[in-house]
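Q: I would like to go through this structure with you. Could we begin with its charged side chains?

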Amino acid sequence: MIVKILNAELEIDFYDADAMEKIENSFEETQKQVQAYMQEKTTKTSEVIRGVCKVVFDFFNRVFGEGTDKKIFGTKTNLLD
């Protein structure tokens, strides 16, 4: 199945056990990263944006492979994307 995220087309088979396991494990890791990040004390908006985006980038890289974050988001670290 092809999924389109922003302008990037990515292939994944949601009915394949290995693919689903990768998604599930990646989601669990993302939850851990979010919890750890929320415990950090920062008041700078730029740091919050970078931190949240890094969590999202890491998720896509774990599921679809290294470099997927750049394929989807380019070089921007934009919270709205």
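Q: Is Lys70 buried, partly exposed or exposed?
A: Lys70 has a relative accessible area of 49%, so it counts as partly exposed. Please bear in mind that this is a predicted model.

Q: Which side chain does Lys70 meet in a salt bridge?
A: The partner of Lys70 is Asp69, with a distance of 4.0 Å from N to O.

Q: And is Asp69 buried or exposed?
A: Asp69 is buried, because its relative accessibility is 10% and the cut-off for buried is under 20%.

Q: How many salt bridges are there?
A: The count comes to two. The side chains of Asp58 and Lys54 also form one, at 2.7 Å from N to O.

Q: Where do Asp58 and Lys54 lie?
A: Both belong to helix 2, and they are four residues apart, which is about one turn of the helix. Asp58 counts as buried because its relative accessibility is 18%, whereas Lys54, at 48%, is partly exposed.

Q: Why can such side chains pair at all?
A: Side chains of opposite charge can pair when their charged atoms come close.

Q: Let us change topic. Which residues gather in the patch of negative charge?
A: The patch on the surface consists of Glu11, Asp13, Asp16, Asp18, Glu21, Glu24 and Glu28.

Q: Which element gives the most to it?
A: Helix 1, residues 17-39, contributes four residues to the negative patch. Glu24 lies in this helix, and Glu24 counts as partly exposed because its relative accessibility is 44%.

Q: What about a nonpolar patch on the surface; which residues form it?
A: Val48, Val52, Val56 and Leu79 do, with about 260 Å² of accessible area together. Leu79 is found in the segment after helix 3. With a relative accessible area of 48%, Leu79 is partly exposed.

Q: How much of the protein is buried?
A: Buried residues account for 28% of the 81 residues.

Q: Finally, in what order do the elements run?
A: From the N terminus on, the order is β-β-α-α-α, with three helices and two strands in the protein. Its C-alpha atoms fill a box of roughly 40 × 25 × 20 Å along the principal axes.

Terms used:
Residues are numbered from 1 along each chain as its sequence is written. This is a predicted model: local features need pLDDT of at least 70, side-chain atom pairs count only at pLDDT 80 or more; totals for chains, interfaces and linings use all residues. Side-chain values use heavy atoms; hydrogens and water are left out. Patches are made of residues with over 30% relative accessible area and no salt bridge: like charges are joined within 9 Å, nonpolar side chains (Val, Leu, Ile, Met, Phe, Trp, Tyr) within 5 Å. Accessible areas come from the Shrake-Rupley method with a 1.4 Å probe; for residues, only the protein chains shown count as cover. Lys and Arg count as positive and Asp and Glu as negative; His and the chain ends are not counted. The place of a charge is taken as NZ of Lys, CZ of Arg, CG of Asp or CD of Glu. Buried means under 20% relative accessible area, exposed over 50%, partly exposed in between (1.4 Å probe, protein chains only).
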